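Please look at the sequence and the structure before reading on.

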Amino acid sequence: MTLHDEVEIEDMDWSEELQAFTYQCPCGDLFQITLDELAAGEEVAKCPSCSLYVRVIYDPADFQQPTVCGSSAPFIEPATGQPSLQLHTVALRGLPPGQAVRYRCGSAGGGWSEWRVFRAPRAPQQFGPDAPARLLIVGDLGLYNSRCWPYIEGEVVGTTAASGSSGGGSAGSSDEGGATGAAGRGTGLPSSGASSRTVPPGSSGAAGSKGSAAAGSSGSGGAASTTGAAAAGSSSSGEDGSSVPPPAAYDALLHVGDIAYDLESLAGRRASAFLRMVEPAAAHLPYIVAPGNHEWHANFSHYRALFAMPQRRRGENLFYSFDVGPLHVLVYNTEVFFWPELFGEEHMRAQYEWMEANLKAANANRQRTPWILAAGHRPMYCVRAHDGRCSKEQEASRLGIPSFCPHNNPAACRPLRPPGSGPTFPIEQLFQRYGVDLAVFGHVHDYERYWPVANRSFPTPPPDDDSSSGSGALHTDTPGSGSPDSSHSSGSAGAASSLSFRRYLNPRATVHVTSGSGGNAEMRNGEEPPPRGRCGGSAPWCAFQSGFAPAPGRSYEYSFSRLEAFNASHLRWQQVSCLEGGRLVDEFWVEQAEHGPFS
């Protein structure tokens with residue numbers, strides 16, 4: 001071999017295709033050196049087509065892969081009173097904003113996972129019309145009949161649904177067979193591992209994590225450790241030469257309650273199988289969760305232990321918030337109003353006071369995070385109303401009424417006290433008072449989109465000019481002035497409000513969406529497509545539904561959501577049908593010239 005030149009690492013280019021730093025060779029090919037070679041102190045970049053090489057000048061310390069140790073704790077299974085899982089938590093801090101981080105999890109005694117890669121939280125200046133904040137949203141996703149999971153995984157890891165996860169089939173067999181491995185966000189588990197806590201804050205811009213990321217890991221030994229390396233915003237390859245997927249194009253995946261169906265089933269083995277199912281995606285971006293009614297077992301013990309959301313010490317995963325680009329996301333516990341044996345007035349009051357303080361601060365911070373998104377499980381509004389009202393369950397969620405609501409029997413919901421005889425905690429009033437732009441829920445196994453609405457009051461819906469037909473036809477043209485151009489990022493006070501089916505211009509109330517149809521064992525597959533189109537006249541606040549109350553022989557809708565915040569003024573929602581091969585069944589824009597409290 002012949003030395004051609006000496007080259008500083010700063011003068012080399014990173015190749016995503018080759019997963020190596022490169023420099024032009026006189027023969028026409030490229031000198032190449034990988035991250036692993038640089039971490040090992042290698043100085044020679046070889047050309048695969050000739051005998052020339054270059055000596056690379058760099059500091060090997062810049063490419064060392066630090067091992068970061070975490071903490072371990074057993075999880076006591078409520079059904080048996082015995083330890084069933086060992087939960088390991090590892091936090092990565094000081095990560096370069098927006099760059100790809102390659103990592104693996106494990107321990108010397110228990111072995112190591114595959115190499116994974118995620119994008120460190122982006123700095124505020126790294127968002128914009130060409131790089132919007134992007135969230136995936138799903139509700140009511142179980143281990144079995146998880147029809148949407150292959151599509152969600154495909155969007156995260158960049159594959160098609162056909163080549164993605166089985167959507168629960170293979171995981172189901174291990175569930176019944178008693179396998180105990182689990183994987184959560186930031187977790188690539190060795191196959192022989194015990195379990196892992198899902199720890200989302202930080203890997204993709206969630207949790208306001210100040211450049212930190214957290215990852216769980218498992219192994220048969222005591223403390224867990226994770227190895228990560230940030231290098232030129234790029235991913236790398238595994239030790240066996242296999243390609244490591246690039247970091248996810250989304251900033252987070254938000255699961256708005258009802259997880260696995262259920263986490264406690266089979267003494268927690270279903271939770272392990274479910275987390276294994278979601279690991280291929282959850283290892284690459286924050287997997288954010290909200291509590292639903294299916295998490296109620298043993299006072300939400302599995303939910304509290306298996307996940308670690310932002311501000312966990314205060315809210316125990318039940319309520320918290322984080323920022324991602326122009327979005328402030330508030331997640332709260334709708335279940336606090338429906339389980340009097342688990343939550344008392346002190347819990348309701350604590351959450352309500354936290355929500356008010358959080359929303360007040362978020363409203364004062366609109367310059368940095370103009371959009372406010374609230375997420376919970378049980379929705380406030382409905383597709384079918386009676387005498388101008390939704391059910392007692394939805395009214396309790398909207399007005400914060402302490403209620404008794406038997407599990408999976410919403411028709412039997414009833415207030416704990418007569419009206420006016422005790423305190424209530426009106427969540428919707430907070431939404432209006434502090435200008436919550438969008439509220440998303442699950443619980444109902446369909447997709448429902450509403451006009452801007454508050455206290456059951458809403459603008460007169462526009463004529464049926466550009467809506468989807470009952471067959472599911474969709475106009476995907478961007479509204480005339482609705483393109484995400486940065487020049488539309490501000491507006492004057494009192495900007496005129498107008499609505500069309502696909503464009504909500506300067507709405508004066510919160511836009512509610514129910515996205516609770518990720519797929520679970522309670523949903524039915526039918527020969528005929530789901531009902532889809534405009535809502536009935538009993539609930540004029542409802543703009544569109546897909547899959548509401550399918551008649552016998554008709555299928556439920558299976559779908560998930562994409563949310564993009566382009567700048568201070570333009571937000572886009574898309575609903576993707578997994579029943580129809582990933583086709584869009586709904587799309588609309590929210591445009592807001594001036595954010596703030598709604599009158």
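The lining of the largest pocket comprises 14 nonpolar, eleven polar and nine charged residues. The model is predicted.

**The largest pocket**

- The volume of the largest pocket is about 700 Å³.
- Among the 34 residues that line the largest pocket, Glu393, Gln394, Pro410, His443 and Val444 are the closest to its centre.
- Helix H8, which spans residues 392-399, contributes the most to the lining of the largest pocket, with three residues.

**Helices H7 and H9**

- Two packed helices are described by the angle between their axes and the distance between the axes.
- The axes of helix H7 (residues 345-364) and helix H9 (residues 427-434) cross at roughly 15° and come within 10 Å.
- Because angles under 35 degrees count as roughly parallel, H7 is roughly parallel to H9.
- The crossing of H7 and H9 is right-handed.
- On the H7 side, the contact is made by Tyr352, Met355, Glu356, Leu359, Lys360 and Asn363, and on the H9 side by Ile427, Leu430, Phe431, Arg433 and Tyr434.
- Seven nonpolar, one polar and three charged residues make up the contact of H7 with H9.

**Helices H2 and H4**

- Helix H2 (residues 149-157) packs against helix H4 (residues 269-282) at an angle of about 30°, and their axes are 8 Å apart.
- H2 and H4 are therefore roughly parallel to each other.
- Trp149, Glu153, Val156 and Val157 of H2 meet Met277, Val278, Pro280 and Ala281 of H4.
- The contact of H2 with H4 has seven nonpolar residues, one charged residue and no polar residues.

Technical notes
Residues are numbered from 1 along each chain as its sequence is written. This is a predicted model: local features need pLDDT of at least 70, side-chain atom pairs count only at pLDDT 80 or more; totals for chains, interfaces and linings use all residues. Side-chain values use heavy atoms; hydrogens and water are left out. On a 1 Å grid over the protein atoms alone, a cavity is a set of points where a 1.4 Å probe fits but cannot get out, and a pocket is an open set with protein on both sides within 12 Å along at least five of seven lines; lining residues have an atom within 4 Å of a point. Grid points are joined across faces, edges and corners, and a volume is the space filled by probe spheres set on the points. Helices (H or I, at least four residues) and strands (E, at least two) are DSSP runs, numbered from the N terminus. Ala, Val, Leu, Ile, Met, Phe, Trp, Tyr, Cys and Pro count as nonpolar, Asp, Glu, Lys and Arg as charged, and the others, Gly among them, as polar. Axes are lines fitted to C-alpha atoms, for helices over the stretch in contact, and angles run from 0 to 180 degrees between N-to-C directions. Angles under 35 degrees count as roughly parallel, over 145 as roughly antiparallel, 65 to 115 as roughly perpendicular and the rest as oblique. A crossing is left-handed if the near helix is turned anticlockwise from the far one by less than a right angle, and right-handed if clockwise. Contact means heavy atoms within 4.5 Å.
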